[in-house]
Structure formats: structure tokens, C-alpha cells
Amino acid sequence: MPTQITALAVSKAFGGRPVLDSVTCSFAPGERTAVVGENGSGKTTLLRLLAGRESPDQGRIVVRADGGVGYLAQDEDLPAAMTAQQVIDRALGDLRSIEARMRRLEAAMAGGDPSVLDAYADAVSVFELRGGYDADARLERALHGLGLRQVDRASTMGALSGGERARLRLAAVLAAAPEVLLLDEPTNHLDEAALTWLEEHLRGHWGTTAVVSHDRGFLEQVASGFLEVDGDRHDVVRYGNGYAGYLAEKAAARLRRRRDHERWCEETGRLRDAIAGTARRVAPGRPMKDGDKLSYNQAGARVQQSLAGRVRNAEERLRRLLAHPV
């Protein structure tokens, strides 16, 4: 089944405050997408929705990945008594379960049960797809690359620093080698050597990556595309061609919006002047001739009616512009 990561008309609010409004976006297989935006714009919410940690108020999240999904939360309050080994085992839980199933099926086949052959083949295929045979080696590389080689697996979370806990969670997620990586601020607590290792690792990742980060240097090295969450419109905008393309497209979009804003200001100003000027105009605007008061009043009424219609039209156009400011 082809990999799919899609949000379809997704809306999410907290305490009555909208965060995402009818957002539709997708992540192509193999793409490394930076999810960017101002603080509080909804980046973490979008990632949590994709990871299944939150449910949308409206719309639908579709995530299909035979190679699994790994999620790194920006902050996670781990129990103080939880050990480093337990954090690792939790991240590798899917692989451990598949491997245990393979062992049971092998035992069944050795006992003369041929009916489990297809199930065994499927389990082996998934295990190989997830790189199960190399999981322990990947874990060692991740711990070493992130500066945790000396950490005792029996150490509890209460005994580790905040930086060590964050790097341990990141190492465990990467060691599991899921097809889809959803990473929220993975560069926090990394020194230069660990950051360089992470950049190289993500560039070589075989699947799809979506990463929230404010580290411009990191995004320039890693991201092939950008998804900006707009906290004002509660929507998302897609940019391609890496970091340089993001900057260029962002500058062009800013210029377009500036021009649109100038035109909006000019049009609203013109309509306000037109409304005020038209409303001040006197009805017929000419002296009465030959004492024909009836004809004079009829002409005045027609002029007033025409002016009133023009005022109403201008007021309606102004109302629509003010309802949707640029």
C-alpha cells in the first residue's frame, strides 16, 4: 500500500480559540518538510494531529505507512523512575513485537504447521522493511552521535539532565527507523557535533520526515520543502525548492501582499470619499425655472434616488472590503 500522509479540511480549536481552520495538506513519500511559523501558530498541533496524539474537531487525518510512524514530542514528562532502557524499549516496541511474532511462527513451522508460512513471510517482510535486524546497531550509532554513549541504560529519568532526557528520546525514535518521522524541535539540547550528526542522519533517512524547528541553519541543511502555518489565518502555505526557495517565495508573497494592501487602502479610501461627497450633494443642483415646482421636485427626486442608489452601492462595496481586509 503506498504511503500517504494527508490532512483533509482539518480544523482544531482549544478553549474556543481556533488554531487550524479547514487545513488541507499532504507530505510526499521521501520528502523532508520543515513545518515553520510563529510561536503559537499551530505547528505542534498539526504534528500531533498527524501523529494521532490529537483528534481533529472537523476533517480527517490519513496516515498510511507500512514502515511505521515515529513521533518525537517537543516536551514529554517522563516518570522519574523510568529507566533509559525502558525509554529505548518503548520506542523499539513495534520491532520487538514483530520479532517475537516471527519467533512464535518459526516455532510453529518447526512443529510441522505449514499454515503459518504466509504469516511468517509477511512478518519477515515488515521486519526487514523496518530494518529490524540492524536496530541495535542503529541505536548504538544514535547514542554515540547524540553524545549519550556513556549513559548507563539503568539510569533513571530523575537522574538524567533535561538535555540528556531529550537526546535519549530522540535517539530511541531514530533507532526504531520508522518510515515516517514526525519531529518537534529535535535540535533542542544538541551541541554542534550532535547537530551535525542529526543533519546527516535525516538527509539519509529512507522515508518521509516532517520537522518543526526554529533553527534556520538546521533547516537549510535538511529541508527539501517548507510548510508554513499561518497563525492569523489558521491555514498553511506550501513552499518548495529548499530553504533558498522558501526565502525567495516568501519575499515574493510579501511583495504581492504589500501591493494588495496598498490597493485595498486606495479602494477603501476612494469609496469613503465618494460616499461622503455624494451624500453632501444637493438634490436638483439647479435653480427652479418658470415656477414649475412640480417638474422641479420630480427632477430633484430622480436625482436624489440616483444619488442614494450610488451611495448604497458604494457602501456595500466598502462593507465587503472592510469585512475582508488585506
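# Exercises on pockets, burial and backbone

With 9 residues, H9 gives the largest share of the lining of the largest pocket. The model is predicted: local features require pLDDT of at least 70 and side-chain atom pairs pLDDT 80 or more, while totals for chains, interfaces and linings use all residues. Residues are numbered from 1 along each chain as its sequence is written, and side-chain values rest on heavy atoms, with hydrogens and water left out.

**Exercise 1. Describe the overall make-up of the protein.**

Step 1. Begin with the secondary structure, which comes to 10 helices and 9 strands. Helices (H or I, at least four residues) and strands (E, at least two) are DSSP runs numbered from the N terminus.

Step 2. Turn to the dimensions. The C-alpha trace of the protein spans about 120 × 50 × 35 Å along its principal axes.

Step 3. Consider burial. Of the 326 residues, 41% count as buried (buried: under 20% relative accessible area; exposed: over 50%; partly exposed: in between; 1.4 Å probe, protein chains only).

Step 4. Consider the contacts (heavy atoms within 4.5 Å). Among contacts with a separation of 6 or more, 67% join residues 24 or more positions apart.

**Exercise 2. Which elements and residues line the largest pocket?**

Step 1. On a 1 Å grid over the protein atoms alone, a pocket is an open set of points with protein on both sides within 12 Å along at least five of seven lines, a cavity is a set where a 1.4 Å probe fits but cannot get out, and lining residues have an atom within 4 Å of a point. Points are joined across faces, edges and corners, and a volume is the space filled by probe spheres set on them.

Step 2. Take the volume of the largest pocket, about 820 Å³.

Step 3. List the lining. It holds 25 residues, and those nearest the centre of the pocket are Glu228, Tyr239, Tyr246, Lys250 and Arg254.

Step 4. Assign the lining to elements. Helix H8 (216–222), strand S8 (225–230), strand S9 (235–239) and helix H9 (242–280) each contribute at least two residues.

**Exercise 3. Is phenylalanine 218 buried or exposed, and which residues does it touch?**

Step 1. Phenylalanine 218 is located in helix H8.

Step 2. The relative accessible area of phenylalanine 218 is 1%, so the residue is buried.

Step 3. Leaving aside residues up to four places away in sequence, phenylalanine 218 touches Pro186, Thr187, Leu195, Leu198, Glu199, Leu202, Val211 and Ser213.

Step 4. For a distance check, take glycine 145: it is 73 residues from phenylalanine 218 in sequence and 16 Å from it in space, C-alpha to C-alpha.

**Exercise 4. Why is helix H1 described as largely enclosed by the rest of the structure?**

Step 1. Helix H1 covers residues 43–50, and because 6 of its 8 residues are buried, the helix is largely enclosed by the rest of the structure.

Step 2. The buried residues of H1 are Lys43, Thr45, Leu46, Leu47, Leu49 and Leu50.

Step 3. Just after H1, glycine 52 adopts a positive phi of about 80°.

**Exercise 5. Examine the positive phi of serine 22 and of asparagine 241.**

Step 1. Recall the background: most residues other than glycine have a negative phi.

Step 2. Serine 22, although not a glycine, has a positive phi of about 55°. This serine belongs to strand S2 (residues 17–26) and is partly exposed, with a relative accessible area of 44%.

Step 3. Asparagine 241, also a residue other than glycine, has a positive phi near 65°. Asparagine 241 sits in the loop between S9 and H9 and is exposed, its relative accessible area being 65%.
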